[in-house]
Amino acid sequence: MTQILLFAVTVIQRPTAMLAFATIVFATGTAAWDAEQAGAADQASSGSEVVTVRAEKFGQMPDGTVVQRFTIDNGVNVRASVMSLGATLQNVETIDREGQWASITLHRETLDEYLAGHPLLGSVVGRYANRISGATFRIDGETYDLTKNAGKHHIHGGGKTGFQNQVWAAEPFTKPDQAGVRLRLTSPDGEAGYPGTLSVTMTYAVTTEGRLIMDYRATTDAATVVNLTNHAYWNLAGADTKSTVADHVVTLQADRYLVGDDKKVPTGEIRSVDGGPMDFRQPRAVGSRQSETDYGIYDHCYVIRDWDGSLRTCASVHDPSSGRTMRVQTTQPGVQLYTGNPQGLCLETQHFPDSPNRPEFPSTLLRPGQTFRETTVHTFGVRDD
């Protein structure tokens with residue numbers, strides 16, 4: 001397969017500044033990739049290291065739509081599988097201190113299990129991740145009413161119409177130091193109540209160095225709001241061990257968090273973490289004080305320290321039993337720590353919940369001519385101690 005690599009500049013409108021990023025645009029050559037070529041593989045090599053992409057049919061939707069799975073493997077320490085349903089990070093495998101491979105994300109083994117229902121395991125959620133109060137917001141004096149799927153509120157794009165429940169178009173790509181899959185989805189004007197036709201591109205890549213890159217882009221033909229995240233549940237001890245994540249040691253680069261009401265909708269207060277159970281500025285076991293939180297678990301959006309839209313570390317996780325480590329970097333202003341499932345923790349990089357109704361929060365407004373672009377990078381490793 002002929003590969004063409006181009007560089008482009010994407011301009012992002014942010015409330016604090018206009019930022020320009022150099023980013024890679026991938027083209028897969030003149031011939032269209034055949035979606036029915038189950039098992040077809042491309043390679044990206046750097047010296048003796050090779051990253052491969054293997055495509056296969058994962059299953060079929062009730063209406064006959066084929067769901068594909070792409071397995072991206074750097075052959076050293078990271079293997080990731082991506083499913084076209086929900087642009088889902090279906091599985092991630094890494095090695096422990098003994099060099100043994102294991103899955104470190106909660107997942108299902110078959111498409112039928114996903115279709116039976118699951119708690120957003122690795123899915124991309126949108127148009128708006130997290131909550132919008134009252135399932136309504138205003139743009140330029142116009143009120144838009146959204147699907148109510150969390151009591152009187154809206155969450156994660158509105159349930160059945162959310163991005164996690166749609167099959168995305170997908171194609172693999174390769175580069176000299178990485179390989180991956182690019183997925184596309186068009187959300188029509190009025191879907192779940194959102195204005196504007198939104199065109200979304202989600203890119204997953206695995207690098208030779210052991211990084212998993214998630215890159216989000218979106219454009220619109222009318223003013224709308226956008227907030228995209230990945231909802232993976234991580235268990236560095238091994239998802240198949242059935243062990244809890246209570247002993248996972250977490251560090252967050254955050255001095256403050258958003259206070260929520262009893263429905264977990266932001267009140268507008270941004271509170272210091274200083275000294276309390278919300279404080280992860282120093283490494284601490286995630287289960288050590290969670291019973292002291294207002295919800296009895298962590299389900300809070302943390303404000304990333306010194307956010308300016310550049311890629312910066314927001315979280316680190318270490319599992320003492322296996323030695324596995326994970327560092328999370330993002331361009332987003334917040335990270336939602338969620339521990340509602342004892343077998344996995346979520347670190348959902350995102351804009352703040354209810355931002356469309358909170359002008360004091362970083363803006364999630366996207367207008368025609370602008371490009372929404374956010375990036376999150378997971379770097380995996382091991383420790384001997």
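Trainee: What volume does the second largest pocket have?

Mentor: Rolling a probe the size of a water molecule over the atoms shows where empty space is left. In this predicted model, the second largest pocket has a volume of about 220 Å³. Its lining is formed by 16 residues, and those closest to the centre of the pocket are L120, R131, I155, H156 and H231.

Trainee: How many residues of that lining are nonpolar, polar and charged?

Mentor: The lining of the second largest pocket has five nonpolar, eight polar and three charged residues.

Trainee: In what order do the strands of the open sheet of nine strands lie?

Mentor: Strands of a sheet pair through backbone hydrogen bonds, either parallel or antiparallel. Here the pairing is antiparallel, and the order is β14-β15-β16-β17-β30-β26-β25-β20-β23. The edges are β14 (169–175) and β23 (284–285); each has a single partner strand, so one side of each is left without a neighbour in the sheet.

Trainee: How many bridges join strand β26 and strand β30?

Mentor: Strand β26, residues 324–330, and strand β30, residues 372–382, pair in the antiparallel sense over seven bridges. As one instance, T325 has G381 in β30 as its bridge partner.

Trainee: How many disulfides does the structure hold?

Mentor: A disulfide is a covalent bond between the sulfur atoms of two cysteines. This structure holds zero disulfides.

Trainee: Is C314 buried or exposed?

Mentor: A residue counts as buried under 20% relative accessible area. C314 is buried, because its relative accessibility is 1%. C346 is also buried, with a relative accessible area of 0%.

Conventions:
Residues numbered from 1 in each chain as written. Predicted model: local features only at pLDDT ≥ 70, side-chain atom pairs only at ≥ 80, totals over all residues. Heavy atoms only, no water. Pairing = 2+ DSSP bridges. Helix = DSSP H or I, 4+ residues; strand = E, 2+ residues; numbered from the N terminus. Disulfide = S-S within 2.5 Å. Buried < 20%, exposed > 50% of the residue type's maximum accessible area, 1.4 Å probe, protein only. 1 Å grid on protein atoms, 1.4 Å probe; cavity = no way out; pocket = protein on both sides within 12 Å on 5 of 7 lines; lining within 4 Å. Points joined across faces, edges and corners; volume = space filled by probe spheres on them. Nonpolar A, V, L, I, M, F, W, Y, C, P; charged D, E, K, R; others polar.
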